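Colleague: Before I use this model, I would like to go through the terms behind its description. Please set each value against its definition.

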Amino acid sequence: MKHKLFTIIIINLFNLFVSYGQLNIYPENDKCGTPSLDLKSYTGDYWGYNYDSLLNDISIWELSDYVEIESIGESTQGREIYELSITDPSVDNSSKHRIYIHARTHPGEVQSFWVTDEIINYLLSDSKIGGYLREYCIFNIIPMYNPDGVELEYARENANSIDIESNWSNETPEIEVVRLRSRFNDLMQDNNPIEIALNMHSAYACKRYFVYHHENGTSPNYAILEETYIESTRSHFLEGIEPYSYYVSWSSSTPTQYPESWWWLNHGENVLALTYEDMNCSSAGFYDKTAFSILFGISDYFNLGYVGIENYFSDTKLELNAYPNPFNEYISIEWNNFDSFDKAEIIDIMGRNIKTFSKNETSLGFIYWDGTNNLGNSISPGTYLLKIQVNQQLKVIKIIKQ
């Protein structure tokens with residue numbers, strides 16, 4: 001109790017100095033930013049979700065035929081660090097892609113769990129995207145990587161008051177780092193090695209974004225892989241997730257202290273390792289929509305062919321199809337159950353408008369597009385997004401111009 005009280009006093013004093021511009025608590029390149037003083041006011045005790053809550057959820061998750069749950073080892077204070085392995089066991093694993101997700105490294109960033117929780121819900125549900133990804137992928141998910149910090153109500157540290165996010169290059173790393181690194185090593189020797197590793201956090205800047213690693217700290221090809229995944233994910237939540245260039249790190253060199261550093265230094269371009277930052281503020285939300293977008297981005301990244309006839313935005317029966325896709329000269333865009341659209345446009349992956357369709361360019365539920373922009377010029381080959389709004393319901397799918 002004395003240690004906890006002392007820690008709270010120190011954090012409050014540090015934040016007071018920060019408010020006068022005299023001190024930075026964390027380095028300028030800190031991914032999550034500086035904690036605010038009112039975190040508990042909108043998250044509650046244990047930041048809104050504790051270890052007992054996790055154990056209760058595990059008792060529910062393990063009822064599914066699609067999940068296996070086991071511990072990767074104990075934390076500093078002896079709590080099990082649980083991992084879910086989710087896939088369709090009736091489908092042969094030989095060609096499946098493996099995705100690893102770990103959350104709640106920083107206990108105060110509980111929003112990272114809520115997004116991860118919705119990812120789990122989709123993958124264990126009868127949703128189309130969940131069933132599709134179970135068929136083609138294996139997901140390994142740690143919902144609470146730092147259970148001691150959660151129970152002690154520390155904002156960022158484990159039971160030894162160490163920030164385990166930046167402990168990966170230490171000569172004697174914390175036991176939580178040892179556990180997760182060992183698990184990574186084991187799975188990289190598997191017939192289905194990890195191909196995407198997502199490190200889930202939440203930012204005090206109250207923005208949703210991915211931490212993009214500059215090619216100076218990685219490689220030009222890796223930078224392209226990052227941009228491809230981030231912008232594909234963002235395409236399914238354009239109004240919510242920032243562009244890939246919002247937070248650029250590693251612009252001068254490669255750091256060694258982070259999980260993504262370990263991935264790059266040991267596996268290079270073989271593993272796409274990214275930090276995702278959700279919103280850490282009172283206006284946070286849309287966790288299910290964010291999870292949906294992240295899963296769609298994974299499907300796009302692996303070119304699994306899931307083109308998005310499922311509609312997140314409502315329970316209506318609106319279906320949208322575009323074919324041929326990819327296309328060369330013409331593409332047919334069709335939707336059903338509604339006579340006309342409210343708005344339809346083509347945008348590029350940076351969100352810039354390329355083509356806006358007028359009512360006289362459509363017949364009932366049908367657009368025939370020749371690949372020209374608003375000026376009548378042919379667009380360049382590449383990836384674009386088709387956005388269509390029908391009866392106030394929005395759908396977005398990816399289309400490719402060859």
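Modeller: Helix H10 (residues 287-301) is mostly covered, with 13 of its 15 residues buried. This is a predicted model, where local features need pLDDT of at least 70 and side-chain atom pairs count only at pLDDT 80 or more, while totals for chains, interfaces and linings use all residues. Residues are numbered from 1 along each chain as its sequence is written, and side-chain values use heavy atoms, with hydrogens and water left out.

Colleague: What makes a residue buried?

Modeller: Buried means under 20% relative accessible area, exposed over 50%, and partly exposed in between, with a 1.4 Å probe and protein chains only.

Colleague: Why are E12 and E16 said to pair?

Modeller: Pairing requires at least two DSSP bridges between two strands. E12 and E16 (residues 382-390) have six, in the antiparallel sense, so they pair. Asp348 stands opposite Tyr384 in E16.

Colleague: How many bridges join E12 to E13?

Modeller: Three, again antiparallel, to E13 (residues 353-356); Glu345 stands opposite Thr356 there. Strand E12 (residues 343-348) is mostly covered, with five of its six residues buried.

Note on methods:
Helix = DSSP H or I, 4+ residues; strand = E, 2+ residues; numbered from the N terminus.
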